[in-house]
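Let's learn to read a helix and a sheet together. Have a look at the model first.

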Amino acid sequence: MLDAGDNTKKMTIIVTKGTLDWAYPPFILGTTAAAMDVEVTMFFTFYGLGLLKKDLDLKVTTLGNPAMEMPMGGMHMSMPNIVSMVPGVDRMATTMMKNLIKKKGVASIEDLREAAVDMEVKMIACQMTLDLFELDKKDMIEGIEIGGAATWMEEATKSDINLYI
Amino acid sequence: MADQTLDAKGLNCPLPILKTKKMLKGMTAGQTLEVMATDPGSIADMTAFCNQTGNELMSQSNEGDVYTFEIKVA
């Protein structure tokens with residue numbers, strides 16, 4: 001990573017969601033920005049904090065997502081909210097999505113996270129969320145920092161791009 | 001003939017860019033890298049990547065579904 005000279009662009013991303021689908025935007029943008037010599041800080045809070053756990057078991061849900069359509073045999077199968085009530089549907093949707101991810105050459109979240117660590121993306125775990133959900137830093141991947149709103153704010157005021165996902 | 005070649009065929013966004021960056025990191029100024037990709041988004045992305053990082057996109061071409069980029073390290 002370049003030193004933060006005058007010309008170095010900076011970006012922060014607040015990561016608030018921890019489902020498989022919502023894990024992609026922050027990690028794709030964070031790693032791509034780092035590859036483009038942008039200095040990146042990712043702040044993981046609330047359900048987003050789970051994305052820093054050593055062992056990831058990410059899921060998708062059809063609930064509250066009427067836009068969700070899965071390609072199937074040349075058609076698209078919509079996922080009405082009501083079907084998420086059926087036991088096993090979210091598990092099925094998660095399996096379908098993971099199969100599609102593999103088939104289409106899309107990186108896994110684990111791979112993107114590893115790339116983020118390699119490219120020295122600064123990843124901050126929210127202290128308050130650790131306390132709130134009784135999580136331990138020991139369960140999180142190596143190389144992360146602990147901080148709070150002020151830690152993010154300090155970075156944000158110096159950044160060119162600040163995203164909330 | 002490029003100094004190094006990267007086969008990013010079959011990989012989807014943002015992997016071709018991430019792998020390109022990784023390769024470029026190990027190369028020296030003036031060397032060239034040839035990247036092959038099948039992601040149609042890589043046409044726009046490789047241009048944007050080079051514009052932002054200062055590496056020179058010397059050429060791009062495609063044959064069938066394969067896009068080939070030649071990048072000169074800044």
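Q: What should I know before starting?
A: This is a predicted model: local features need pLDDT of at least 70, side-chain atom pairs count only at pLDDT 80 or more, and totals for chains, interfaces and linings use all residues. Residues are numbered from 1 along each chain as its sequence is written, while chains are lettered from A and ligands numbered from 1 in the order written.

Q: How far apart are the end C-alpha atoms of helix α1 of chain A?
A: Helices (H or I, at least four residues) and strands (E, at least two) are DSSP runs, numbered from the N terminus. The expected span is 1.5 Å times one less than the number of residues. Here the 16 residues 20-35 should span 22 Å, and the end C-alpha atoms are 23 Å apart, which agrees. Next comes A:Asp37, with a positive phi near 65 degrees.

Q: Which residues of α1(A) are buried?
A: Buried means 20 or more other C-beta atoms within 10 Å of a residue's own, with C-beta atoms placed from the backbone. Among them are A:Leu20, A:Phe27 and A:Gly30.

Q: How do strands of a sheet pair?
A: Through backbone hydrogen bonds, either parallel or antiparallel. Pairing needs at least two DSSP bridges between two strands. In chain A, an open sheet of five strands runs β6-β5-β2-β1-β7, with parallel pairing. Its edge strands, β6 (145-147) and β7 (161-164), each pair on one side only.

Q: How many bridges join β2(A) to β5(A)?
A: Four, and these strands run parallel. A:Phe43 has A:Ile124 in β5(A) as its bridge partner.

Conventions: Buried ≥ 20, exposed ≤ 12 C-beta atoms within 10 Å, placed from the backbone.
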